[in-house]
Amino acid sequence: MPVGANVCLWLLADIQSGRSDGGQDDGENWMVDAPRFTKHLVNKIEAMGGLQYIFLTHRDDVSDADKYAAHFGAKRIIHEYEKAAQPDAEIILKGEGDHDVGSAGILFTPGHTKGHMVLSWQEKYLFIGDHFASKPYCWFSWDDQIESTKRLGDLSKFEDIFPGHGKWFSVSPGDFPSEIEKRVATMAAAI
Ligand SMILES: [Zn+2]
């Protein structure tokens, strides 16, 4: 598994290339949050077949999303509450519900910021942005962040979790809700 800033991009590429059902989303490549625009990465993405969507979990990690979008003709996705960070994004999601875009599920998870969202891929891979960031790094509402965390436990069968910062981790099938329970307890105890 590749590591570093582009782990999410490569992960989705790997999933795509590993598909066996010939589904309609062949060739749908996503970037989750954006790194700096570099020729090296552009070459990699080109070799992968380009980029269709750039999902921006929240305002903090947009970096050079605009340059990738322009180069690849990709659509940037951000919530309206975060759009100051990327005002000309192609898809601005509104309201406090969830959305399906392409093959991805996008869940509204406010807390770390007001319009923070996470991306669910086939209900197995969860790209959580900074949703698990600790209380000192909560810029909007810690109570909302706890509520959003609880909700993730209700909804999901996730096995691989990819934070915006730090290492990705796996849980055994079916263990995600209990992992969430532990996290909620820790979060509720944070001062
Ligand atoms: Zn953040």
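Trainee: Why is Ser63 called partly exposed?

Mentor: In this predicted model, Ser63 has 16 other C-beta atoms within 10 Å, and since a residue counts as buried at 20 or more and as exposed at 12 or fewer, Ser63 falls in between and is therefore called partly exposed.

Trainee: Where does Ser63 lie, and what is said of its phi?

Mentor: Ser63 is placed in the loop between β2 and α3, and although Ser63 is not a glycine, its phi is positive, at about 35 degrees. That is worth a remark because most residues other than glycine have a negative phi.

Trainee: What makes Gln122 exposed?

Mentor: Gln122 has 11 other C-beta atoms within 10 Å, and because 12 or fewer is the cut-off for exposed, Gln122 is given that name. Gln122 sits in the loop between β7 and β8, and this residue, again not a glycine, has a positive phi of about 55 degrees.

Trainee: What do β7 and β8 form around that turn, and how many residues lie between them?

Mentor: The two strands form a hairpin, with 3 residues between them. Strand β7 covers residues 117-121 and strand β8 covers residues 125-129, and the two run antiparallel, joined by 3 bridges.

Trainee: Which residue of β7 is the bridge partner of Ile106?

Mentor: The partner of Ile106 is Leu119. Strand β6, residues 104-108, pairs with β7 in the antiparallel sense over 5 bridges.

Trainee: What makes β7 mostly covered?

Mentor: Of the 5 residues in β7, 5 are buried. Met117, Leu119 and Trp121 point one way from the strand, while Val118 and Ser120 point the other way, and all of them are buried.

Trainee: In which sheet do these strands lie, and why are β5 and β10 called edge strands?

Mentor: The sheet is open, with 6 strands in the order β5-β6-β7-β8-β9-β10 and mixed pairing. Strands β5 (99-101) and β10 (169-170) each have a single partner strand, so one side of each is left without a neighbour in the sheet.

Trainee: What is the order of the strands in the open sheet of 4 strands?

Mentor: That sheet has the order β1-β2-β3-β4, with parallel pairing. Its edges are β1 (30-32) and β4 (91-93), each with a single partner strand, so one side of each lacks a neighbour in the sheet. Neighbouring strands of this sheet are turned by 20 degrees against each other on average, direction ignored.

Trainee: How do you know that β2 and β3 pair, and which residue stands opposite Tyr53?

Mentor: Strand β2 (residues 53-55) and strand β3 (residues 75-79) are linked in the parallel sense over 3 bridges, and because at least two are required, they count as a pair. Tyr53 stands opposite Lys75 in β3. Strand β3 is mostly covered, with 4 of its 5 residues buried, and helix α3 (residues 65-72) lies across β1, β2 and β3, running at about 165 degrees to β2.

Trainee: Why is helix α2 called hardly covered?

Mentor: Helix α2, residues 39-48, has 10 residues, and the count of buried ones among them is 1. Just after this helix, Gly49 takes a positive phi of about 105 degrees.

Trainee: Why are α4 and α5 called roughly antiparallel?

Mentor: The axes of α4 (residues 142-155) and α5 (residues 176-189) come within 8 Å and cross at roughly 165 degrees; angles over 145 count as roughly antiparallel, and the two helices are therefore described in that way. Their crossing is left-handed. The contact involves residues including Ile146 and Leu152 of α4 and Phe176, Ile180 and Val184 of α5, and the residues of this contact divide into 8 nonpolar, 2 polar and 3 charged.

Trainee: How many helices and strands does the protein chain have, and what share of its residues is buried?

Mentor: The secondary structure of the chain comes to 5 helices and 10 strands, and buried residues make up 36% of its 191 residues.

Terms used. Residues are numbered from 1 along each chain as its sequence is written. This is a predicted model: local features need pLDDT of at least 70, side-chain atom pairs count only at pLDDT 80 or more; totals for chains, interfaces and linings use all residues. Axes are lines fitted to C-alpha atoms, for helices over the stretch in contact, and angles run from 0 to 180 degrees between N-to-C directions. Two residues are in contact if their C-beta atoms, placed from the backbone, lie within 7 Å. Angles under 35 degrees count as roughly parallel, over 145 as roughly antiparallel, 65 to 115 as roughly perpendicular and the rest as oblique. A crossing is left-handed if the near helix is turned anticlockwise from the far one by less than a right angle, and right-handed if clockwise. Ala, Val, Leu, Ile, Met, Phe, Trp, Tyr, Cys and Pro count as nonpolar, Asp, Glu, Lys and Arg as charged, and the others, Gly among them, as polar.
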